[in-house]
Structures are given as structure tokens and as C-alpha cells.
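Please look at the structure shown below and keep it in view while reading. The paragraphs that follow lead through it step by step.

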Amino acid sequence: MMKKANPKTINDYLDSKYGESGTESRSEFKQKAQAYMVAELVKEARKKAKLTQEELAQKVHLKRPHISRIERAETDVRISTLQKIAQGLGGNLSISFDL
């Protein structure tokens with residue numbers, strides 16, 4: 001992969017840093033970025049609900065370290081776990097596919 005000097009667009013930058021779209025390295029980057037976004041959504045919603053990780057964990061019958069790993073994007077999260085968390089925070093989980 002050839003690095004471009006002074007990329008003009010975000011895609012040029014991502015291509016130079018993580019490989020072109022469709023490559024294994026770019027797919028890995030995208031997966032990590034999506035996990036980080038989910039982690040931030042969970043953390044933001046928990047804080048908005050004024051709950052600690054421990055309080056949320058008790059409410060949804062999980063252990064606090066598991067909530068912590070989710071919020072740090074250090075684990076793959078099951079849909080059922082995200083559903084529990086969303087409901088525990090008074091919300092709903094919504095999933096969409098872009099095809």
C-alpha cells in the first residue's frame with residue numbers, strides 16, 4: 001500500500017492508513033470503529049441515566065467488569081446483551097442493515 005502525501009479527503013487518508021475499501025485491514029479497522037461507536041453510545045446513555053457501571057450491571061443482571069469491557073470496546077457484544085442494556089436504560093435497541 002502506497003502512502004499518499006497530504007491526502008485530500010478522509011477516504012484518501014483512510015486508504016493510506018488502513019488500506020483501500022474492501023481489504024482485510026480496512027474491514028478490521030471498520031469493525032473496530034463500529035465497536036467503539038457502540039461503546040460510546042452505551043457509556044453516554046448510562047451517564048445520561050445517571051447510573052454507575054455497577055448500578056447498570058445490577059439492573060441488567062450483568063457483572064460490572066462486563067459493562068466496563070463493553071464501554072471500552074474490548075469485547076464483542078451480543079445483541080441480547082445490548083437489548084438488556086437498552087431496556088435497563090429505559091430505551092429500545094434498533095438495528096438496521098445498509099445493503
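Helices are DSSP runs of H or I with at least four residues, and they are numbered from the N terminus. The model discussed here is predicted. With this naming, threonine 81 belongs to helix α5.

A residue counts as buried when its relative accessible area is under 20%. Threonine 81 is buried because its relative accessibility is 9%. Apart from neighbours within four places in sequence, threonine 81 is in contact with Leu62, His66 and Ile70.

Helix α5 also holds alanine 86. With a relative accessibility of 13%, alanine 86 is likewise classed as buried. Beyond residues up to four places away in sequence, alanine 86 touches Gly91, Asn92 and Leu93. Alanine 86 and valine 42 are 44 residues apart along the chain, and their C-alpha atoms are separated by 8.1 Å.

In soluble globular proteins, nonpolar side chains tend to be buried together. Which residues make up the largest nonpolar core? This core has nine residues in all: Val42, Leu51, Leu56, Ala57, Val60, Ile67, Ile70, Leu82 and Ile85. Two or more residues of this core are given by each of α3 (53-60), α4 (64-71) and α5. The largest share, three residues, comes from α3. Residues up to four places away in sequence being left out, isoleucine 67 touches Gln53, Leu56, Ala57, Val60, Leu62 and Ile85.

Just after α1, glycine 19 takes a positive phi of about 95°.

Helix α2 contains arginine 26. Is arginine 26 buried or exposed? Arginine 26 is buried, because its relative accessible area is 12%. Not counting residues up to four places away in sequence, the residues that arginine 26 touches are Asn11, Leu14, Asp15, Tyr18, Gly19, Glu20 and Ser21. Arginine 26 and aspartate 15 are eleven residues apart in sequence, and their C-alpha atoms are 7.8 Å apart in space. The side chains of these two residues are joined by a polar contact of 2.6 Å.

Two loops are considered next. Lysine 50 is found in the loop between α2 and α3. Its phi is near 60°, a positive value in a residue other than glycine. A residue counts as exposed when its relative accessible area is over 50%. Lysine 50 is therefore exposed, at 73% relative accessibility. The loop between α4 and α5 holds alanine 73. Alanine 73 is also a residue other than glycine with a positive phi, near 55°. At 28% relative accessibility, alanine 73 counts as partly exposed.

The last topic is empty space. Rolling a probe the size of a water molecule over the atoms shows where empty space is left. How many residues line the largest pocket? The lining has 30 residues, of which Gln34, Val38, Leu41, Leu82 and Leu93 lie nearest the centre of the pocket. The volume of this pocket is about 950 Å³. The elements that give two or more residues to its lining are α2 (24-48) and α5 (79-88). Helix α2 provides the largest share of the lining, eleven residues. Sorted by class, the lining comprises 18 nonpolar, eight polar and four charged residues.

Methods
Residues are numbered from 1 along each chain as its sequence is written. This is a predicted model: local features need pLDDT of at least 70, side-chain atom pairs count only at pLDDT 80 or more; totals for chains, interfaces and linings use all residues. Side-chain values use heavy atoms; hydrogens and water are left out. On a 1 Å grid over the protein atoms alone, a cavity is a set of points where a 1.4 Å probe fits but cannot get out, and a pocket is an open set with protein on both sides within 12 Å along at least five of seven lines; lining residues have an atom within 4 Å of a point. Grid points are joined across faces, edges and corners, and a volume is the space filled by probe spheres set on the points. Ala, Val, Leu, Ile, Met, Phe, Trp, Tyr, Cys and Pro count as nonpolar, Asp, Glu, Lys and Arg as charged, and the others, Gly among them, as polar. Buried means under 20% relative accessible area, exposed over 50%, partly exposed in between (1.4 Å probe, protein chains only). Contact means heavy atoms within 4.5 Å. A nonpolar core is a set of buried Ala, Val, Leu, Ile, Met, Phe, Trp, Tyr and Cys residues joined through side-chain atoms within 4.5 Å. A polar contact is a pair of N or O atoms within 3.5 Å; within protein, one must be able to donate a hydrogen and the other to accept it, and residues adjacent in sequence count only if both atoms are side-chain atoms.
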